[in-house]
Amino acid sequence: MQQHNVLILDFGSQYTQLIARRVRELNIYCEIHPYNKIPENLNDFKAVILSGSPSSVRSDEAPHPDLSGIRGKKPLLAVCYGAQYLAHFSGGLVAPSNTREYGRANLSFVKDNEDFFKNISVGSQVWMSHSDTIKNLPTGGTLLASTHDVENAAYKIEGETTYAIQFHPEVYHSTDGKQLLQNFLVTIAGVAQTWTPSSFVDETVADIKAKVGNDKVVLGLSGGVDSTVAAVLLHKAIGSNLHCIFVNNGLLRKNEFTDVLKQYEGMGLNVKGVDASARFLDELTGLSDPEAKRKAIGKVFIDVFDDEANQIEDAKWLAQGTIYPDVIESVSVNGGPSATIKSHHNVGGLPDFMKLKIVEPLRMIFKDEVRRVGASMGIDKDLLGRHPFPGPGLAIRILGDITSEKVRILQEVDAIFINGLKEDGLYNKVWQAGAILLPVNSVGVMGDERTYEKVVALRAVESTDGMTADWVNLPYEFLQKTSNKIINNVKGVNRVVYDISSKPPATIEWE
Ligand code: XMP
């Protein structure tokens, strides 16, 4: 798709996605491909980066791809395991190191290489994470830099634009890592820094037009950032041929269905709001097991969506808000396409809408880039900054069985909490927040009367991707005010607690 594209070959490092993000921050487009599926047509790529890996090149099971189509033919930067494998592959020697080097180290240049180390000073801090070391450089190798413990910390191969570094330039602790990536990609490999949110929009709109033509496309909106940005991109490309469906499962936040629907209509989207609350609640009756609730919600959603999609005559495509981390996961060294197929999609055959062709305009960008793309298209910043909200909604925040009364109570509590965070300028400091209705009653006293009512828990976490999270230290004054407001205004609640558990070992949701 892009003319100035960089290939990142993934050897399974936890940092591979970070390499891609640093490269994208330089306004350079890049793609991650697993080492065992090197793209056939390398003409599409201006440069190649080899990632790190948890493996040792000395192990038979470690990634050992044939680099002969790349080395010497494309500008190449090998990182950590990549540097070791390049040495191993090209006549060098890799051995266990006497001192395992993890964490900070400082560079000293053995050979001045103006281009590679441009604007990087001697002593620059780099981040190491390896237990093998390169004992002998590969044939044609010239040493460029060392650290206190690692002699061969950076080398190049003479006569080629091939560079290798033992440290990780992609992590923030490598102070000049981004500069080094820029030196390699821009100065040495000549890659243009032309990839920006608006260039992405222009190219994606052109791609969608070419792919979809005059066909009709169906898209399920959720109120979240990804489906909204995907819809606006598609709308730019095909206008009213995009048919959006926004389903109310009755488990959204208070007033969310009407508010968000209005917002979508204001954006000019061709959107149908379908209130299926009763169908969802019906299916959930008597269920208290979290997985059973999720399954029931998934099933009704598919039924409702299928009914609606079938009413759009001649729809040929299903649009999805899939983003790059999901794609990488599904083709990763450890994962596989099967990991992305949910079990309930296979029961009793695929629903009709799953037989449509798929268009995924965000499949090559990261979450923060989705937000930047959304902002460049003028999407409201409050909508782009919304906290993540789980698909099953409040169903997994009402512990135990679900009734419409419990949904009402939780919607009221949640609205007081979330509006309070917004009013006190705390909303944007929190990654995700919500309230949980506990399946216990507690004794209280209101006026002169004894009460025996529900307990709610408040949860606010900070996180970057939801994989790990910590509870937010909200001001006591805020918690005090919120608790009073909830107990005084929400009938049926007489106690509020605050969840101070991190993930792991807890999870963000209680179910
Ligand atoms: P946990 O509870 O696993 O949550 O720490 C991590 C993130 O995932 C969201 N989550 C879900 N999202 N369907 C979704 O679409 C689900 O079943 C689901 N369960 C958890 C959760 O809100 C958090 O952002």
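Predicted model: local features only at pLDDT ≥ 70, side-chain atom pairs only at ≥ 80, totals over all residues.

Modeller: A search of the whole structure finds 3 cavities of 30 Å³ or more. The largest cavity holds about 60 Å³ of space. How is such space found? Rolling a probe the size of a water molecule over the atoms shows where empty space is left.

Which of them gives the most? S16 does, with 5 residues. By type, the lining of the largest cavity divides into 5 nonpolar, 2 polar and 3 charged residues.

Next, compare that with an open space. The second largest pocket has a volume of about 290 Å³. Its lining has 19 residues, and the closest to the pocket centre are Ser 53, Pro 54, Ser 55, Ser 129 and His 130. Helix H2 (81-89) and strand S7 (125-136) each supply at least two lining residues. S7 has the largest share, 4 residues. The lining of this pocket divides into 12 polar, 5 nonpolar and 2 charged residues.

Step back to the sheet. It is open, with 8 strands in the order S2-S1-S3-S4-S10-S9-S8-S6, and the pairing is mixed. Its edge strands are S2 (29-34) and S6 (108-109), each pairing on one side only. Inside the order, S8 (residues 141-146) and S9 (residues 154-157) run antiparallel, joined by 4 bridges. Take Leu 143: its bridge partner in S9 is Tyr 155. Helix H3 (residues 177-188) lies across S1 (5-10), S3 (45-50), S4 (76-79) and S10 (162-165). H3 runs at about 150° to S3.

Is Glu 256 buried or exposed? Its relative accessible area is 8%, so Glu 256 is buried, the cut-off being under 20%. Leaving aside neighbours within four places in sequence, Glu 256 is in contact with Leu 261, Arg 386 and Phe 389. Glu 256 and Gln 411 are 155 residues apart in sequence, and their C-alpha atoms are 10.0 Å apart in space.

Conventions:
Residues numbered from 1 in each chain as written. Heavy atoms only, no water. Pairing = 2+ DSSP bridges. Contact = heavy atoms within 4.5 Å. Axes fitted to C-alpha atoms, helices over the stretch in contact; angles between N-to-C directions. 1 Å grid on protein atoms, 1.4 Å probe; cavity = no way out; pocket = protein on both sides within 12 Å on 5 of 7 lines; lining within 4 Å. Points joined across faces, edges and corners; volume = space filled by probe spheres on them. Nonpolar A, V, L, I, M, F, W, Y, C, P; charged D, E, K, R; others polar. Buried < 20%, exposed > 50% of the residue type's maximum accessible area, 1.4 Å probe, protein only.
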